[in-house]
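Dear colleague,

I am passing on the structure that we spoke about, and my notes follow directly below it. Please read them with the model open beside you.

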Amino acid sequence: MTRTTDTDWWRSAVIYQIYPRSYADGNGDGIGDLAGIRDRLSHLRALGVDAVWLSPWYVSPMADAGYDIADYRDIDPVFGTLAEAESLIAEAEAQGLKIIVDMVPNHCSDRHPWFRAALEAGPGSPERQRFHFRPGRGEQGDLPPNNWQSHFGGPAWTQVADGEWYLHMFAPQQPDWNWQHPHVKAEFESVLRFWLDRGVAGFRIDVADHLVKAAGLPETTMLPAGAVRPWRDQEGVHDIYRRWRRILDEYPGHRVFVAELWDDDPDRFSRYLRPDELHSAFNFPLLQSPWDADALRNVVDTTLAAHARVGAPATWVLSNHDTTRHVTRYGRTDTSYALDGRRVHHAPVDLDLGTRRARAAALLNLALPGSAYIYQGEELGLWEVEDIPLNLRQDPTLRQSGGTDPGRDGCRVPLPWADEAPPFAFSPPSTGTEPWLPQPPAWKDHTVAAQDNDPGSMLELYRTALRIRTGHPDLGDGTLAWLPAPEGVLAFTRSSAFACVVNLSSQPEPLPAHTRQLLTSVPLDDGMLPTDAAAWLELL
Ligand code: GLC
Ligand code: CA
């Protein structure tokens with residue numbers, strides 16, 4: 001039985017994140033689209049992943065690159081049509097690739113018909129109750145209803161023409177839904193069914209812990225230190241996911257949820273993964289951890305213990321469309337990462353060092369128990385593009401933070417496929433359009449074509465690692481056992497037959513006794529594992 005037809009496929013799956021704007025452009029307007037993805041499914045097949053998660057493709061004014069949805073049941077024209085989406089799902093399936101779509105239930109676009117209706121209907125109307133509208137504070141009502149801040153900077157409230165304010169935890173163009181409202185619940189259940197009927201294998205849930213807000217929207221100043229923030233992780237959110245799980249389970253084919261959860265409390269995190277709730281969630285502590293053996297080992301142990309309590313598989317993620325690419329992170333002096341850590345843009349970066357560590361991290365990531373995510377371009381060793389001119393940057397966080405945050409464009413630059421110069425075959429030949437964000441000329445050595453068949457390339461490292469992983473009965477879901485190892489070295493087995501060793505110390509280290517080397521991130525040095533390198537070994 002192959003992994004993708006297995007009922008438990010998601011417990012071991014390697015899932016590739018496509019950011020549709022930046023994967024491949026089929027029609028030559030400089031923006032990635034569904035035609036481009038369909039043309040380049042062969043890349044994913046050659047890579048050997050099991051499934052694809054696509055960032056939002058829905059109708060959107062693109063105030064937050066599609067995370068502001070105006071129609072949850074149709075495709076934005078910049079990406080294509082619903083018919084093309086249906087073809088993409090069918091073609092992917094025919095190649096053994098499952099499609100997971102993004103679901104954004106915390107907020108919609110200010111262009112969503114229900115929000116337009118709420119604006120028109122005015123204060124006190126039933127239409128406004130589907131969102132969080134409130135009068136302002138102060139004598140004139142010109143102060144926000146409470147002190148909550150948007151994650152993108154500034155107050156989480158915007159005032160409308162008639163004087164009322166509405167809540168938006170992200171951009172002002174992203175009004176938060178009121179999840180106490182029965183219409184909102186029913187609408188999302190219908191949207192889930194709409195896509196399940198079209199054959200998607202599951203949903204990635206955007207800011208999954210934010211849907212329900214604390215009653216009365218209390219000021220944070222009145223909360224005891226360490227209390228759960230009132231805009232997230234409220235008890236009621238679990239009822240929503242229990243209901244969603246029942247819907248998903250009505251469908252054949254073992255479909256799944258993966259939650260975006262930035263929660264550093266492993267106990268609160270694992271509550272979302274109880275058997276009647278969500279299948280999986282992104283495990284961000286690994287992404288945030290510094291490149292340090294003790295810190296990484298601690299993340300692995302804490303993660304596995306938290307997941308074991310609820311019987312869920314862990315997921316492992318090094319990068320995504322919101323975070324600084326890990327080649328860059330690992331090339332800095334401070335290799336740790338906080339969500340607002342993109343503010344350390346322009347810290348000195350040693351890209352060779354970052355790349356070397358990224359190669360080792362890939363082998364670590366793919367050897368750990370559970371499923372793993374690959375963010376498009378990490379298999380090419382792409383780095384964060386930090387020199388995009390300000391006037392070309394598109395992410396709203398740049399403006400909303402008053403310029404203190406350069407935004408997330410640097411990890412969203414269109415992929416280089418072939419050729420010696422931009423657009424690197426991102427768009428079809430001779431269209432003459434520039435990609436929506438500029439690509440560094442140095443990516444000529446990082447295109448898929450340049451790396452194909454080069455045994456030393458990042459791409460071939462990923463391909464080989466995935467081939468070994470898919471064929472190895474002990475990789476993916478399961479447990480690990482740590483091996484005794486010198487300080488600064490991580491060494492663990494996945495069974496009596498397979499071991500992974502990562503050297504984060506400053507000198508070459510001996511490998512444990514083994515019968516065969518399956519894969520190393522760099523050549524060994526006289527039989528020793530060099531600094532910032534990893535090895536997969538067969539022990540028996
Ligand atoms: C999630 C997405 C991010 C988006 C935000 C608001 O964090 O990953 O890209 O801006 O939610 O939807
Ligand atoms: Ca296009």
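Which residue has a polar side-chain atom 2.9 Å from an oxygen atom of ligand 1? That residue is Arg408, where a polar contact is a pair of N or O atoms within 3.5 Å. The protein covers 96% of the 310 Å² of accessible area that ligand 1 has on its own, as given by the Shrake-Rupley method with a 1.4 Å probe.

Please bear in mind that this is a predicted model, in which local features need pLDDT of at least 70 and side-chain atom pairs count only at pLDDT 80 or more, while totals for chains, interfaces and linings use all residues. Residues are numbered from 1 along each chain as its sequence is written, chains are lettered from A and ligands numbered from 1 in the order in which they are written, and side-chain values use heavy atoms, with hydrogens and water left out.

Ligand 1 is surrounded by 13 residues, each with a heavy atom within 4 Å of it, and the closest are Asp64, His107, Asp206, Glu260 and Asp322. The side chain of Asp64 places an N or O atom 2.6 Å from an oxygen atom of the ligand, and for His107 a polar side-chain atom lies 2.8 Å from a ligand oxygen.

Turning to the fold, an open sheet of eight strands, with parallel pairing, has the order 11-10-9-5-2-1-13-12; strands are DSSP runs (E, at least two residues) numbered from the N terminus, and two of them pair if DSSP finds at least two bridges between them. Strand 11 (280-281) and strand 12 (315-316) stand at the edges with a single partner strand each, so one side of each is left without a neighbour in the sheet.

Best wishes

Key: A polar contact is a pair of N or O atoms within 3.5 Å; within protein, one must be able to donate a hydrogen and the other to accept it, and residues adjacent in sequence count only if both atoms are side-chain atoms. Helices (H or I, at least four residues) and strands (E, at least two) are DSSP runs, numbered from the N terminus.
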